[in-house]
Amino acid sequence: MKTFEKKIRQSASQHLDGKPAVTQGHVGWESPSNIAIVKYWGKYPGQVPANASLSMTLRESVTRTMMDFYFSEKRKKPGVDFEFHGAAHQGFARRIEKYLTGLSGFMPWISHTKFTIRSENTFPHSSGIASSASAMSALAACLCEIDEQMFGKDPAIEFEQKASFFARLGSGSAARSIYGRMAEWGITASCGDSSDEYAIPLPELHPDFFGLKDSILIITTGEKEVSSSLGHDLMRSNPYAKLRFEAAEENMQRLCNVMRNGDLGQFIDIMENEALSLHAMMMTSSPGYLLMKPGTLEAISRIRKFRAQTGLAIGFTLDAGANVHIIYPGQQEAAITNFIASDLEELCEEKTIIHDGMGMGPRKL
Ligand code: PMV
């Protein structure tokens with residue numbers, strides 16, 4: 001068993017016979033999405049990443065989750081009523097129920113609890129912003145808070161570490177949303193305290209990276225043809241997988257240096273290499289698939305041309321979808337938002353662009 005998991009199980013076993021200090025109440029957390037610069041793509045059983053990843057935490061694209069809980073010894077499995085933007089959502093309720101059942105091994109009180117959950121996102125569904133990262137990290141933070149209300153704080157376990165551990169079990173990338181600015185998840189030689197079990201805040205970040213912007217071009221709002229979980233699975237038989245995991249580790253080492261010394265040019269170089277490598281893995285999977293659209297390629301080409309002409313620090317990254325994240329320093333905001341409006345807006349579905357940027361992590365409501 002992994003080290004942190006053992007610690008969590010030991011902590012939970014101490015209050016197996018004890019009664020919770022509170023049996024009902026209400027908690028609420030807001031948690032952001034994030035955009036990976038070095039991508040997590042491919043995993044082993046138990047949500048263990050095949051390579052380490054590093055992401056920027058967003059500020060505006062958040063999930064707000066309010067949770068009422070009612071504990072009763074008589075109840076034997078978790079119950080969930082779930083509303084998304086004010087409407088009952090059976091599909092999400094079932095997914096959360098499954099997630100909670102999985103977590104009851106770590107927090108046995110979950111099996112005896114009825115949850116009424118209301119959740120909303122500040123960004124549109126299918127916008128290419130990872131809603132699972134913000135949603136699962138908000139849920140995990142709520143559960144950790146209830147756990148502390150019921151049984152007190154375990155001084156041996158940090159709230160954030162525990163929330164990141166539980167968020168990861170819902171969605172790998174959600175582990176990173178627990179920390180502000182930049183977060184790292186997965187064992188890598190470039191970060192001493194890195195872990196596969198939870199994310200950590202990037203230990204050293206040059207101030208030139210503070211306040212980075214992310215303008216997201218919504219090329220399409222259509223559902224992805226291939227889900228991320230299937231994409232991760234297909235990496236198991238991808239003939240380039242081993243090379244990809246090695247390249248990701250090299251990029252992690254280069255990027256961690258760059259994040260320390262503030263070299264924006266190198267940052268963009270690594271980020272774009274990662275985005276294209278992620279999509280190359282999709283194309284070389286079996287069956288191969290393409291999530292980029294003609295608008296994605298046109299946007300990339302125009303961004304690179306604008307960079308060559310102006311010398312401005314502007315680069316792109318892609319998530320597992322067609323939408324394009326444009327990353328640039330806050331000082332260049334005026335010039336770059338003008339360029340986006342004049343040259344890129346026409347490539348977007350209904351001219352939709354979401355202007356976001358680096359955020360400071362989850363917030364208690
Ligand atoms: O967390 P998941 O299982 O939805 O996978 C996320 C994968 C990418 O978004 C493509 C990359 C990443 O590291 O966030």
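Predicted model: local features only at pLDDT ≥ 70, side-chain atom pairs only at ≥ 80, totals over all residues.

Residues are numbered from 1 along each chain as its sequence is written, and side-chain values use heavy atoms, with hydrogens and water left out.

**Around the ligand**

- There are 14 residues around the ligand, and those that come nearest are Tyr40, Ser173, Arg176, His232 and Asp319; a residue is near a molecule or strand if one of its heavy atoms lies within 4 Å of it.
- By class, this shell is made up of five nonpolar, six polar and three charged residues. Here Ala, Val, Leu, Ile, Met, Phe, Trp, Tyr, Cys and Pro count as nonpolar, Asp, Glu, Lys and Arg as charged, and the others, Gly among them, as polar.
- An N or O atom in the side chain of arginine 176 lies 2.8 Å from an oxygen atom of the ligand.
- The backbone takes part too: a backbone N or O atom of tyrosine 40 is 3.0 Å from a ligand oxygen atom, and a polar backbone atom of glycine 172 is 3.4 Å from an oxygen atom of the ligand.
- On its own the ligand has 380 Å² of accessible area, and the protein covers 91% of it. Accessible areas come from the Shrake-Rupley method with a 1.4 Å probe, and for residues only the protein chains shown count as cover.

**Aromatic rings**

- How many aromatic pairs does the structure hold? There are twelve, where rings of Phe, Tyr and Trp (its six-membered ring) pair if their centres lie within 6.5 Å, and planes under 30 degrees apart count as stacked, over 60 as edge-to-face and the rest as tilted.
- One of these pairs joins tyrosine 40 and tryptophan 185, edge-to-face, with 4.7 Å centre to centre and 75° between the planes.
- Tyrosine 40 sits in the loop between S1 and strand S2 (43–44) and tryptophan 185 in strand S8 (residues 182–185), so their pair ties together parts that are 145 residues apart in sequence. Helices (H or I, at least four residues) and strands (E, at least two) are DSSP runs, numbered from the N terminus.
- Tyrosine 40 is buried, at 9% relative accessible area, and tryptophan 185 is buried at 0%. Buried means under 20% relative accessible area, exposed over 50%, and partly exposed in between (1.4 Å probe, protein chains only).
- Phenylalanine 84 and phenylalanine 92 also form an edge-to-face pair, 5.4 Å centre to centre and with 85° between the planes.
- Phenylalanine 84 is buried, with a relative accessible area of 19%, whereas phenylalanine 92 is partly exposed at 27%.
- One aromatic cluster is formed by Phe4, Phe106, Phe165, Phe166 and Tyr198.

- Is serine 119 buried or exposed? Serine 119 is buried, with a relative accessible area of 8%, and it belongs to strand S7 (residues 113–121).
- The side chain of serine 119 makes a polar contact of 3.0 Å with that of threonine 65. A polar contact is a pair of N or O atoms within 3.5 Å; within protein, one must be able to donate a hydrogen and the other to accept it, and residues adjacent in sequence count only if both atoms are side-chain atoms.
- Leaving aside neighbours within four places in sequence, the contacts of serine 119 (heavy atoms within 4.5 Å) include Thr63, Arg64, Phe82 and Phe84.
- Histidine 89, in the loop between strand S6 (87–88) and helix H2 (90–103), is partly exposed at 31% relative accessible area.
- With neighbours within four places in sequence left aside, histidine 89 is in contact with Phe82 and Phe84.
- Glycine 18 lies in the loop between helix H1 (3–14) and strand S1 (24–38) and is partly exposed, at 39%.

**Backbone details**

- Serine 286 and proline 287 are joined by a cis peptide bond, with omega about 5°. Proline 287 is in the loop between helix H7 (264–283) and helix H8 (294–310).
- Glutamine 47 is not a glycine, yet its phi is positive, about 55°; glutamine 47 is buried, with a relative accessible area of 13%.
- Lysine 351 also has a positive phi, near 55°, and is exposed at 54% relative accessibility.
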